[in-house]
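Colleague: I would like to go through how to read a helix contact, a database annotation and a ligand shell. Please take one at a time.

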Amino acid sequence: LDEVAKVEPRIADATRAELTDQRGSLKLIASENYASLPVLATMGTWLSDKYAEGTVGHRFYAGCQNVDTVEDVAAEHARELFGSEYAYAQPHSGIDANLTAFWAILAHRIEQPELADLGLKNVNQMTEEQWETLRRKFGEQRLIGMSLDAGGHLTHGFRPNISGKMFHQRSYGTDPETGLLDYDAVAALAREFKPLVLVAGYSAYPRRINFAKMREIADEVGATLMVDMAHFAGLVAGKVFTGDEDPVPHADVVTTTTHKSLRGPRGGLVMATEEYAPSVDRGCPLVLGGPLSHMMAAKAVALAEARTETFRTYAQNVADNAKALAEGFLKRGARLVTGGTDNHIVLLDVSGFGLTGRQAESALLDSGVVTNRNSIPNDPNGAWYTSGIRLGTPALTSRGFGADDFDRIAELMVEVLQNTEPVTASTGKPGKAKYTIADGVADRVQSATDEL
Ligand code: PLP
């Protein structure tokens, strides 16, 4: 950073400050983690300086032999770790991975049969009229995924995202009584809507999914099953999720980020069966340009780490710690969506404390606890203020926190929330953003968290 400071001191200072902030607070954001030193070091190299559009052995640039090795090793680790037939390491992020997967599915299911009917090899050979017909067919396709307020991700067909604009879309929610995924309701929606793509996966659902059931639903309606395991990839890698809870043997296409519970660099991966592999392999030029070679290298290092016994222990601890955190809240009278957890996420309903998610998030931050507000099913406060706080255990488990620590975190968080009041708005009703914390509580909790 001394070298950086000579060029732009503000960047060196912000980077140093970020280290202090990340180490000096309790990071409970479910999508964040702490990558290892080998992963961090691999990200900052001259591999970044090389262009390598194309795929391994088929590049549009000369001199890609080292990037070929990097991409090959990353894909090999992904295949062997997850037991997938094919892996693609180029997507720069989770959104890129999903976009690559969507277009690969459209290429495989819509474009390839159209080309075969016309006796053509690629779309460049189509007449203007044939091309317009194909484009119309792309626009007619349907997708179903989990709704945002039930815990789905915006790339699963949410209208403001490209996924909701490129597909006709419907979403499935969770059972209003239990908060759990209702497979019969998913099947009924699939029968009625007949999607080309059934997306399973989540960002804020605190439970495991039975992917064998999702496969049955997809098969019944002829849909491609795509699983976005961005959040729980670390639990799949660490063999906490096995059998019906492991998406890889059941899905046609599996996408993930590499930086959440998997504890790698920021980035994405797509895995697929042999059948879908040739289409995914054309991620460039389908939706990607030049791959980030340094990031693929860092993914390879992280995936190698995830193949160790140490990582398996870590993954089990992540799940055990989430249970301890959930128990810690329940025994102190707090309400959790679905009544608990069996993955790495705890979704706390803060309405019982008389607060919005926004107020709770801010009051906790003042006390050194970093979380994010999140909608809960049928949230009366909408997606901005929300009624929930999403918590995750991957990051603090990486710092060595155990079950007792997580119980203590629940105790401290409840202390903050019980001592926080909404500030009354000019309408005379409780406001949704402003709040006050009883004197001394934030400081007391901050020093208690420093001791953990
Ligand atoms: N998919 C899921 C399930 C996610 O939770 C996220 C990120 O939060 C993404 C995709 C997008 O990942 P990225 O932020 O790397 O684009």
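**Reading the features**

Modeller: Start with the helix pair: α14 passes α18 in a right-handed crossing. A crossing is right-handed if the near helix is turned clockwise from the far one by less than a right angle, and left-handed if anticlockwise. This is a predicted model: local features need pLDDT of at least 70, side-chain atom pairs count only at pLDDT 80 or more, and totals for chains, interfaces and linings use all residues. Residues are numbered from 1 along each chain as its sequence is written.

Colleague: At what angle do helix α14 and helix α18 pack, and how far apart are their axes?

Modeller: Axes are lines fitted to C-alpha atoms, for helices over the stretch in contact, and angles run from 0 to 180 degrees between N-to-C directions. Here helix α14 (residues 309-330) and helix α18 (residues 403-418) pack at about 35°, with axes 8 Å apart.

Colleague: Which residues make the contact?

Modeller: Two residues are in contact if their C-beta atoms, placed from the backbone, lie within 7 Å. Those of α14 include Ala 324 and Leu 325, and those of α18 include Phe 406 and Val 414.

Colleague: Which residues does the UniProt domain annotation cover?

Modeller: UniProt annotations may be inferred rather than shown by experiment. The unreviewed UniProt entry annotates "domain: Serine hydroxymethyltransferase-like" over residues 6-108 and 141-412.

Colleague: How many residues surround the ligand?

Modeller: A residue is near a molecule if its C-beta atom, placed from the backbone, lies within 6 Å of it. Here 13 residues surround the ligand, and Ser 93 and Ser 203 are among the closest. Helix α5 (residues 94-118) gives the most to this shell, with three residues.

How values were computed: Helix = DSSP H or I, 4+ residues; strand = E, 2+ residues; numbered from the N terminus.
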